[in-house]
Amino acid sequence: MAKFYITTPIYYINAVPHIGHAYTTIVADVFARWHRLRGEDVFFLTGLDENSVKTVQAAKEQGFTDIQAYADSLAKLWIEAWKLLGISYDDFVRTTQERHRRNVYELFKRIKERGDIYKGVYEGLYCEGCEAYITEDELVDGKCPLHQKKPKRVREENYFFKLSKYRDKILGHIESNPGFIQPEARRNEVVSFIKGGLKDVSITRPKIEWGIKTPDDPTQTIWVWFDALCNYLLPQDYWPADIHFIAKDILRFHCIVWPGMLLSAGYELPKRIFAHGFLTVERKKISKSLGNVIDPAYLVEKYSADVLRYFLIREVSFGQDGDFSERSLRTRLNDELADVLGNFVHRVLTFTRDRFGGEVPEGKLDKKFEAETHERVQKIEQLLEKLKVSQALEELMTIAKRGNEYFQSCKPWEAIKSEPEKAASCLLNCANLVKVLCVALAPFMPSTSANLAKQLGVKVTSWEQARQFDLKPGHQIGKPSVIFTKVEANNLGSKVR
Ligand code: MSP
């Protein structure tokens with residue numbers, strides 16, 4: 001059985017997730033579900049990066065003296081959020097777990113045995129927001145442009161990793177594997193960064209209490225990025241990862257430092273790294289100080305997880321920056337989900353119930369319509385193969401749109417009187433289209449797909465089912481009910497934390 005190993009970044013726990021974190025995790029979930037549905041042996045890993053100074057700062061701010069107790073309470077909230085969003089991860093790693101520490105030690109040991117670790121002095125700037133060293137020329141007005149914070153000036157005796165030794169190998173790998181870093185703009189960014197000169201990186205820090213101590217030298221703590229990246233090796237049997245999903249903010253760690261560590265330790269490199277863009281809220285950076293940090297739980301409660309999943313994937317062209325606004329979410333819910341998808345399936349199911357006693361009628365399969373649908377499903381597959389997830393969802397919606405047109409042009413409510421066979425055939429074909437939609441929706445909107453499956457009286461077990469019009473006359477459907485309810489403009493709110 002083909003294996004498919006997919007990851008998200010492991011997130012910092014200085015706060016609960018916001019829609020930016022939800023976005024990456026939802027996209028990864030869509031792919032995990034799609035590959036499972038295709039019968040592959042999928043492993044989907046997500047988790048938390050807990051060994052950061054940010055954890056300590058947040059714990060203190062919230063009055064915790066026991067940092068681990070703070071980490072445990074935050075982990076609970078992250079796990080709850082992913083449950084609400086229907087995230088089907090196979091394992092959830094926390095870097096304070098013993099299994100993770102062992103993993104980090106193993107990698108450290110291998111790299112050390114290679115002769116790639118040496119002691120040196122680091123003198124310069126450290127941004128606690130990035131959890132990374134930063135150079136003078138990266139600063140804007142003396143601050144880290146990403147975190148709007150002044151970095152700390154440090155002079156530290158650390159252990160360094162000979163990253164520069166792997167410069168040519170990393171560059172060679174990127175250049176001979178065009179799909180390794182995606183999208184292309186990110187790949188170019190990495191290439192030019194490497195060409196600009198690659199320095200060794202410091203991989204331990206002195207005087208840091210919270211974190212994993214360096215093997216054989218407890219005065220040093222392992223740099224949180226070295227520590228965190230090791231999480232991906234946790235399911236050893238699944239390595240190399242088929243895709244690391246990240247956003248553009250952590251590109252260099254994943255595309256330069258991580259490959260360097262793996263090459264040194266003698267592991268294969270991940271197959272693909274996809275760095276998507278950044279989400280803003282109402283065109284503004286998501287930030288606590290701006291008060292626009294939207295809790296996904298609020299949106300789930302108000303609109304449902306599937307509506308949020310649909311919105312984020314459909315709205316943001318995967319790879320580009322995108323914007324979140326509740327107004328646009330409502331427009332997509334009302335105009336696309338309710339008016340197109342919901343309307344089509346509801347018309348078909350209620351007509352079948354009211355006019356055919358809930359049985360898919362006897363009729364003629366429309367081969368042309370079936371072939372055209374099949375082509376669209378194939379297009380969805382091709383798009384998903386290329387990680388073009390927003391276009392894949394768009395294509396899926398054209399199937400529903402086409403269904404509405406088909407129903408409208410057959411006019412079964414009229415035909416039932418004068419040409420009952422025509423009405424019956426229309427419903428046979430439309431019921432099959434509803435089944436195709438139900439299967440194709442499963443990776444994107446799992447609850448909606450399950451709900452539709454129940455209404456249709458089918459079980460979704462394989463993506464193959466999306467390719468066939470195999471719902472037979474006489475098939476008994478379940479009880480139809482509305483799948484999407486519109487939300488009116490005056491019901492707009494903006495609960496933020
Ligand atoms: N802990 C590190 C990652 C270690 S992975 C070995 C970290 N954590 S983070 O909490 O800051 O998460 C960064 C990631 O969260 C981004 O790469 C992206 O996946 C997601 N996002 C956070 N804010 C986002 C937006 N505003 N928009 C889109 N994605 C965002 O970095």
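1. A polar contact here is a pair of N or O atoms within 3.5 Å. With that in mind, take a look at T24 in this predicted model: one of its polar side-chain atoms sits 2.7 Å from an oxygen atom of the ligand.

2. A247 places a backbone N or O atom 3.0 Å from an oxygen atom of the ligand, and L279 brings a backbone N or O atom to 2.8 Å from a nitrogen atom of the ligand. On its own the ligand has 670 Å² of accessible area, and the protein covers 94% of that.

3. Now for the shell as a whole. The ligand has 23 residues around it, of which I10, T24, D49, D249 and L279 come nearest. By class, 13 of the shell residues are nonpolar, eight are polar and two are charged.

4. Which elements give two or more residues to this shell? They are β1 (3-12), α1 (19-37) and α7 (224-229). The most comes from β1, which gives four residues.

5. Strand β14 (residues 279-281) runs parallel to β16, and three bridges join the two. Within this pair, V281 stands opposite F324 of β16.

Notes
Residues numbered from 1 in each chain as written. Predicted model: local features only at pLDDT ≥ 70, side-chain atom pairs only at ≥ 80, totals over all residues. Heavy atoms only, no water. Near = heavy atom within 4 Å. Polar contact = N/O pair within 3.5 Å; in protein donor to acceptor, adjacent residues only side chain to side chain. Areas by Shrake-Rupley, 256 points an atom, 1.4 Å probe, with all protein chains shown as cover. Nonpolar A, V, L, I, M, F, W, Y, C, P; charged D, E, K, R; others polar. Pairing = 2+ DSSP bridges.
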